[in-house]
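Please have the sequence and the model open while I speak.

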Amino acid sequence: MKLKVSILAAIVLVVPALIQPSWAQSSRLDAVKSRGVVRCGVNPNFAGFALPDSAGQWRGFDVDMCRAVAAAVLGDSAKTQYVALSAKDRFTALQSGDIDMLARNATWTLSRNAKLGINFVATNFYDAQAFMVKAAANIKSVNDLSGASICVIAGTDTERNLADFFSSRKMKFSTVAFENADNVAEAYLAGRCDAFINDGTQLAAIRLRTPDPKAHIFLPESISMEPLSISVRNGDEAWANVVRWSFFAMLQAEELGLDSKNVRAKIAASTNPGILRFAGKSEDLGTMLLLDRDWAVRIVEQVGNYAEAFDRNIKPLGIERGLNKLWNDAGLMIAPPMR
């Protein structure tokens, strides 16, 4: 009898370990919880996306992505540490483990995913690369740029897209390139090039900082679609899931009509199965992410839904949502089912 009891006890101890998914171990998640802060790589100077305010507090759309993860994992969106990274250094910092996540207007590409070992967990913004020129130059179309000099950030996908664009049209061009985006902007404003190519959002942010924004116009053509995506280092699926679903929770909240002002009250009064699942009332989705039941609600309460983050940070740049609308509003943004 004693032998049977001993065997049963051993089974009880071993079975939980056997049925636990292999991905449900996360050295990065454990490290973040132990450290008590999320280390997030961001652009050093990108109005609307990542920029310190007059008090030294980081603000922006990408910053809000980091705050969402901190709210989910640590219970406080303020428990973040921002690491300002150049385009050249951003992926190296992620590969080395110096940062936990990268939220820095980086395009999801095959080579970055497969060659650099970067896990792009979700596209948080669809952008398009375009040209900005001085209004007085009387340049109306990209077709007028044959033989032009183009300001571009060195070592980026933009540089490659620029070369592909001109090559495919058998147009000649020269580049004025710097690794630092501010240096590229200065070169353009100083008249060292005929046009400035970059993601449309970055051009809009730069134009707003000029003495006379109306003196600069965007050419009507875009040369590429850029899925700007949040990323983590390959090899830790549990941490990737936490970052991924922290973002998707912001999209799901907007679709459910939950925002930072109404989230608690609306959940308390709701019989909507989707809202109750989101809030951890009918199902404990947090367990699958190694988080608690309230993780998604905290994101909405402390950071807001996707629309709030967009309106707070990007809309002031004069940029409408366009493709970044929800799927049910003719946009591309959709969260996989949270169930």
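**Salt bridges across the chain**

Let me begin with E179, which forms a salt bridge with K88, the closest N and O atoms being 3.8 Å apart; by salt bridge I mean a side-chain nitrogen of Lys or Arg within 4 Å of a carboxyl oxygen of Asp or Glu. E179 lies in the loop between β8 (173-178) and α7, while K88 lies in the loop between β4 (80-84) and α4, so the pair ties together parts that are 91 residues apart in sequence. The element names follow DSSP runs numbered from the N terminus, with helices being H or I runs of at least four residues and strands being E runs of at least two.

Before I go on, a word on provenance: this is a predicted model, in which local features need pLDDT of at least 70 and side-chain atom pairs count only at pLDDT 80 or more, whereas totals for chains, interfaces and linings use all residues. Residues are numbered from 1 along each chain as its sequence is written, and side-chain values use heavy atoms, with hydrogens and water left out.

The cut-offs are under 20% relative accessible area for buried and over 50% for exposed, with partly exposed in between, using a 1.4 Å probe and protein chains only.

How many salt bridges does a search of the whole structure find? The search returns 14, and I will describe two further ones. In general, side chains of opposite charge can pair when their charged atoms come close.

One of them is the contact between the side chains of R35 and D100, at 2.7 Å from N to O. R35 sits in helix α2 (residues 27-35) and D100 in the loop between α4 (90-96) and β5 (101-102), so this pair connects parts that are 65 residues apart in sequence. With a relative accessible area of 29%, R35 is partly exposed, whereas D100 is buried, with a relative accessible area of 2%. The contact also belongs to a network of salt bridges that links R28, R35 and D100.

The other is the salt bridge in which the side chains of D157 and R112 meet, with an N to O distance of 3.8 Å. Here the distant parts of the chain being linked are helix α6 (residues 157-168), which holds D157, and helix α5 (residues 110-114), which holds R112, the two residues being 45 apart. Are these two partners buried or exposed? Both D157 and R112 are buried.

**Disulfides**

Turning to the covalent links, a search of the whole structure finds 2 disulfides, a disulfide being a pair of cysteine sulfur atoms within 2.5 Å. One joins C40 to C66, with an S to S distance of 1.9 Å. C40 lies in strand β1 (residues 38-42) and C66 in helix α3 (residues 61-74), so the bond ties together parts that are 26 residues apart in sequence. Both of these cysteines, C40 and C66, are buried.

The other disulfide joins C151 to C193, at 2.0 Å from S to S. C151 is in strand β7 (residues 148-153) and C193 in the loop between α7 (181-189) and β9 (195-199), so the parts tied together are 42 residues apart in sequence. Why is this disulfide left-handed? The torsion about the S-S bond of C151 and C193 is about -110°, so the disulfide is left-handed. C151 counts as buried at 0% relative accessibility, and C193 likewise counts as buried at 5%. If we number the bonded cysteines of the protein chain in sequence order, the pairing reads 1-2, 3-4.

Finally, the backbone: most residues other than glycine have a negative phi, and most peptide bonds are trans. Against that background, N105 has a positive phi of about 30° although it is not a glycine; N105 lies in the loop between β5 and α5 and is buried, with a relative accessible area of 7%. A330 is also not a glycine and has a positive phi of about 70°, but A330 is found in the segment after α13 and counts as exposed, at 72% relative accessibility.
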